[in-house]
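Here is a short walk through one protein chain. Keep the sequence and the 3D view side by side as you read.

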Amino acid sequence: MTALNRVPSLMARAGTASALTLAAVGGSVVVPGAASEAAAASPAHKALQIAASKKGSPYAWGATGPRRFDCSGLTLYSYKKAGKKLPRTAAQQYNKTRHISAKNRKAGDLVFFHSGSSVYHVGIYAGKGKIWHAPKTGDVVRLQKIWTRSVWYGRVS
């Protein structure tokens with residue numbers, strides 16, 4: 001929702017003259033919640049919500065959903081539903097993302113687990129040091145704390 005869509009409610013709270021004056025001079029209106037709504041509409045946030053909605057889905061090697069997933073199958077499925085295309089494997093996905101530092105990570109970014117230079121697992125960053133992922137055979141899609149420092153982060157663009 002844009003600030004323009006909110007002008008009637010702003011006028012009621014801030015007064016007609018001030019909202020109209022801002023519109024006339026091209027000023028910007030800071031609307032509480034508008035930034036979070038914009039973030040909520042981002043493909044990364046949608047992908048995160050889609051991954052979370054698959055909680056409890058069984059792991060199956062090579063599976064890309066909608067009922068069973070492996071790790072990169074979950075990220076591929078989630079981002080595809082959010083309107084973004086990713087390659088199939090974790091390593092290929094790493095190579096297609098914009099690499100970012102841990103301090104710049106955001107919810108919805110991909111978390112790549114590596115051994116040396118080899119990427120072997122991927123999940124979607126959920127915030128607070130946790131990821132949504134499809135861990136391994138016999139397990140299910142779940143939220144889990146990142147258990148190692150051997151991770152890289154990538155942002156889907």
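Ala, Val, Leu, Ile, Met, Phe, Trp, Tyr, Cys and Pro count as nonpolar, Asp, Glu, Lys and Arg as charged, and the others, Gly among them, as polar. This is a predicted model, in which local features need pLDDT of at least 70, side-chain atom pairs count only at pLDDT 80 or more, and totals for chains, interfaces and linings use all residues. Residues are numbered from 1 along each chain as its sequence is written, and side-chain values use heavy atoms, with hydrogens and water left out.

Start with the whole chain. It holds six helices and six strands. Helices (H or I, at least four residues) and strands (E, at least two) are DSSP runs, numbered from the N terminus. The order along the sequence is α-α-α-α-α-α-β-β-β-β-β-β. Of the 157 residues, 38% count as buried, meaning under 20% relative accessible area with a 1.4 Å probe, protein chains only.

Now find helix 5 (71-81). Nine of its 11 residues are buried. Among them are Cys71, Leu74, Leu76 and Tyr77. The buried residues of helix 5 pack against helix 4, helix 6 (90-96), strand 2, strand 3 and strand 4 (130-133). Just after helix 5, glycine 83 takes a positive phi of about 95°.

Next, step back to the loop between helix 4 (43-53) and helix 5, where lysine 54 is found. Lysine 54 touches Pro66, Phe69, Leu74, Tyr77 and Val141, not counting residues up to four places away in sequence. Contact here means heavy atoms within 4.5 Å.

Strand 2 (residues 110-115) holds phenylalanine 112. Phenylalanine 112 counts as buried because its relative accessibility is 0%. Leaving aside neighbours within four places in sequence, its contacts include Ala90, Tyr94, His121 and Trp152. Phenylalanine 112 and tyrosine 125 are 13 residues apart in sequence and 9.8 Å apart in space, C-alpha to C-alpha.

What lines the second largest pocket? Its lining includes Tyr59, Trp61, Asp70, Cys71, Arg88 and His121. Helix 5 and strand 3 (118-127) each supply at least two residues of this lining. The lining residues divide into five nonpolar, four polar and two charged.

Definitions and conventions:
On a 1 Å grid over the protein atoms alone, a cavity is a set of points where a 1.4 Å probe fits but cannot get out, and a pocket is an open set with protein on both sides within 12 Å along at least five of seven lines; lining residues have an atom within 4 Å of a point. Buried means under 20% relative accessible area, exposed over 50%, partly exposed in between (1.4 Å probe, protein chains only).
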